[in-house]
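Thanks for coming, everyone. Let me put the structure up, and then we will walk through it together.

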Amino acid sequence: MQDYFVGNFSELSEDNRKLVTIAGEEIVVFRHRDTVYALENRCLHMGGPIAEGLLVDRVESVVDEEGNDLGDRFSDDVTHVVCPWHGWEYDIASGRCAALPRLRLRTYPTDVREGQVYVRR
């Protein structure tokens, strides 16, 4: 594996993305809540551009101790990127598809050193 410099951390404002090509593969790099993520830029459904997708916090059901539905809330821990073509959602940290958890986008380790962002591939 090798580290590839993809830009400066300051270039990645909150929820901003940068599309890079590393070894012939398009990878979207973005910052969310001061963490940098890198995912393959190809939706598993029909190849849509993940880099153009919205970031949304996962919707979670709230259930009381007796099993009564109290409504929904947005997660503080899990964020999805939504493919702009057909709405498939993927966890930005794991790449796992929300609807079909056995499917996942390829994710890449990231590292920020001295204000510079690297993706390992």
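Let's start with one contact. The side chains of Asp111 and Arg113 meet in a salt bridge, at 2.8 Å from N to O. By salt bridge I mean a side-chain nitrogen of Lys or Arg within 4 Å of a carboxyl oxygen of Asp or Glu. Side chains of opposite charge can pair when their charged atoms come close.

Before I go on, a word on the source. This is a predicted model, where local features need pLDDT of at least 70, side-chain atom pairs count only at pLDDT 80 or more, and totals for chains, interfaces and linings use all residues. Residues are numbered from 1 along each chain as its sequence is written, and side-chain values use heavy atoms, with hydrogens and water left out.

Back to Arg113. Which other residue does Arg113 form a salt bridge with? The partner is Asp3, and the closest N and O atoms are 3.2 Å apart. Arg113 lies in strand β8 and Asp3 in strand β1 (residues 3-8), so this pair ties together parts that are 110 residues apart in sequence. A note on the labels: strands (E, at least two residues) and helices (H or I, at least four) are DSSP runs, numbered from the N terminus.

Now the wider picture here. Asp3, Asp111, Arg113 and Arg120 are linked in a network of salt bridges. The structure holds seven salt bridges.

Are these side chains buried or exposed? Let me set the terms. Buried means under 20% relative accessible area, exposed means over 50%, and partly exposed is in between, with a 1.4 Å probe and protein chains only. Arg113 has 33% relative accessibility, so Arg113 counts as partly exposed. Asp3 is partly exposed too, at 27%. Asp111 has 29%, and is also partly exposed.

Next, a sheet. It is open, has three strands, and runs in the order β2-β3-β4 with antiparallel pairing. Which strands are at the edges? They are β2 (17-22) and β4, and each pairs on one side only. On average, neighbouring strands of this sheet are turned by 25° against each other, direction ignored. For that angle, axes are lines fitted to C-alpha atoms, for helices over the stretch in contact, and angles run from 0 to 180 degrees between N-to-C directions.

Take the pairs in turn. Two strands pair if DSSP finds at least two bridges between them. β2 and β3 pair in the antiparallel sense over six bridges. Ile22 has Glu25 in β3 as its bridge partner. The hairpin of β2 and β3 has two residues between the strands, and Ala23 there takes a positive phi near 50°. β3 and β4 also pair in the antiparallel sense, over six bridges. His32 stands opposite Thr35 in β4.

That brings us to the loop between β3 (25-32) and β4 (35-40), where Asp34 sits. Asp34 is not a glycine, although its phi is positive, at about 65°. With 53% relative accessibility, Asp34 counts as exposed. Asp34 also forms a salt bridge with Arg31, the closest N and O atoms being 2.8 Å apart. Arg31, by contrast, is buried, with a relative accessible area of 15%.

One last stop. Where is Glu114? Glu114 is in the loop between β8 (110-113) and β9 (116-120). Glu114 has a positive phi of about 50°, although it is not a glycine. Its relative accessible area is 82%, so Glu114 is exposed.

That's the tour. Thank you.
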